[in-house]
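Please open the structure in your viewer and keep the selection tool at hand.

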Amino acid sequence: MSSTTDTPGTGTGSDGATGTAGLQRRLNSKQLTMIGIGGAIGTGLFLGSSLAISQAGPAVIIAYILCGLVALVIAWALAEMVVVHPTAGAFGAIAHNYLGAGTGFVLRWTYWAMQVIAIGGEMIAAGVYVKFWWPDIPLWLPVIVFSVLVLAVNAAAVHLFGSFEYWFAMIKVTAIAVFVLLGLVLVVFGLPDRPAVGTDNLLLDGGFFPNGITGLMLAMVFVLFSYIGTEVVSVTAAESENPQRDIPRAARAMVLRLGLFYVLAIMVVVLVVPWTLTAQGGTINASPFVTVFEGAGIPAAAGIMTFVVLTAALSSANTNLYLTTRMMHSLAEHRLAPAWAGRLSTSGVPRNALALSALGMVVAAILSANDSGQAYLVLFGISVFAAIVVWLLILATHASFRATRRKEGLPPSPVQLWAAPVTRSVVAVFLVAVLVSTYFVEGLDPAWQFGLPFFVLLVATYLVMKKTGRCDHLLAETRLPDYEPRATDA
């Protein structure tokens with residue numbers, strides 16, 4: 001068995017499999033794919049899609065296609081880098097080496113904070129869904145109960161986490177698949193008690209583009225946020241059984257499946273339900289998913305979908321907690337977080353980092369007890385702002401990664417982002433445009449009001465650390481070594 005370690009470096013897991021800093025390579029490609037899907041499919045698709053539809057109408061289909069392609073570029077760029085450097089901290093550690101210690105510091109802390117906030121949001125959402133069955137229960141009670149459950153799963157050995165998340169995410173995938181099939185039947189064939197819907201709803205109430213191109217652009221921020229979490233596959237690289245084989249396969253499969261699910265599901269929504277009704281949203285009973293199931297004659301459709309959305313929230317929180325724990329572990333390795341946060345349990349889990357990453361759950365419990373909606377809106381504003389900036393920094397890291405390796409005569413990655421740098425540049429411009437659009441979307445004002453000061457604080461913190469000499473060890477470090485496949489990586 002491996003002993004608990006206080007220092008960074010390459011260690012050996014309890015099974016003898018070499019991992020980065022003692023993390024165990026116990027996740028296979030199937031688990032990686034489902035973990036990625038689990039992190040990306042949260043409550044946004046099931047209930048939040050009404051916000052995007054209210055902006056774009058039926059044209060929201062185009063938004064999901066475009067944002068899916070953007071997510072694919074991000075995942076592909078990440079795969080290209082992490083198969084060469086499958087290290088703890090993933091893109092944060094890689095940015096540190098190719099863009100400098102300052103960028104690595106900002107990126108890793110930003111991603112950690114963003115996901116911690118997202119975890120809190122999912123916990124509150126899970127509590128709200130439980131109140132569908134027991135409306136009189138205090139919101140803080142299910143929030144605390146679910147938080148303990150998710151913490152327990154993440155505290156277990158990583159292969160147990162992978163198995164748990166695999167089946168957790170499978171519930172969501174199955175629900176979406178059933179939804180799409182029933183919806184297509186309603187559209188094309190109809191049911192005994194309901195005629196075929198056809199495609200009329202695509203052109204009613206203002207046509208396919210009821211709010212024009214402007215409406216489509218304003219919907220992008222909600223749609224894009226649905227795809228945030230696809231980068232989880234790169235974070236699992238340090239615990240993948242075979243990074244060079246599994247990471248590219250899982251990244252492509254995960255994004256393509258996710259995009260297919262999203263596009264088909266939203267297409268069914270705007271075909272079956274007039275977009276003006278879907279845009280009203282607001283409650284579980286108004287969910288377009290519930291409407292389709294009820295149209296198919298399934299009893300207690302609202303109850304069924306409540307259970308599905310509950311599992312979606314818990315699965316997303318479960319995966320995001322995994323992400324934040326590994327990112328905090330990476331920060332501790334580089335002495336940008338308390339050293340004790342980098343210590344591993346005998347099962348190879350950074351449980352101290354896990355405890356720190358539970359901060360979002362503590363915030364969720366406080367918010368649920370005080371019912372402070374405005375405070376949650378502030379947290380969401382920071383989260384959406386941070387998510388887009390993280391993706392932009394990933395693209396910048398990819399540009400430096402390629403340029404540096406070419407300059408130093410190093411072999412290219414076995415995985416290559418298609419048509420780069422064109423695809424990378426187009427996606428970067430798109431992300432900047434979406435980031436700017438948040439300023440004009442009602443309710444997303446906190447994205448700039450609180451997101452920008454957050455980054456200023458991070459940069460100022462790093463500069464103070466650098467001036468006082470606390471970052472000298474970072475500036476003197478050499479670049480990450482390339483990954484050398486083991487003999488067992490056949």
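A residue is called buried when its relative accessible area is under 20%. The model shown here is predicted.

**First stop: an aromatic pair.** Select Phe105, which is buried because its relative accessible area is 2%. Next select Tyr462, which at 8% relative accessibility also counts as buried. A search of the whole structure finds 13 aromatic pairs, and Phe105 and Tyr462 form one of them. Their ring centres are 5.6 Å apart, and the 40° between the planes makes the pair tilted. Phe105 belongs to helix 5 (residues 101-130) and Tyr462 to helix 19 (residues 451-467), so that the pair links parts of the chain 357 residues apart.

Select Phe454 and Phe455, both of which are buried. They form an edge-to-face pair, with 5.7 Å from centre to centre and 80° between the planes.

Select residues 422-437, the 16 residues of helix 17. From first C-alpha to last, this helix reaches 23 Å, close to the expected 22 Å. Which residues of helix 17 are buried? They are Thr423, Arg424, Val427, Phe430, Leu431, Val434, Leu435 and Ser437. These residues lie on the same side of helix 17, because they cover an arc of only 155° around the axis. On the other side, Val422, Val426 and Val429 are exposed.

**Last stop: Arg257.** Select Arg257 in helix 10 (residues 243-272). Arg257 counts as partly exposed, at 42% relative accessibility. Gly68 is 189 residues from Arg257 in sequence, yet their C-alpha atoms are 9.9 Å apart in space.

Terms used:
Residues are numbered from 1 along each chain as its sequence is written. This is a predicted model: local features need pLDDT of at least 70, side-chain atom pairs count only at pLDDT 80 or more; totals for chains, interfaces and linings use all residues. Side-chain values use heavy atoms; hydrogens and water are left out. Helices (H or I, at least four residues) and strands (E, at least two) are DSSP runs, numbered from the N terminus. The expected span of a helix is 1.5 Å times one less than its number of residues. Buried means under 20% relative accessible area, exposed over 50%, partly exposed in between (1.4 Å probe, protein chains only). The arc is that of the directions from the helix axis to the C-beta atoms. Rings of Phe, Tyr and Trp (its six-membered ring) pair if their centres lie within 6.5 Å; planes under 30 degrees apart count as stacked, over 60 as edge-to-face and the rest as tilted.
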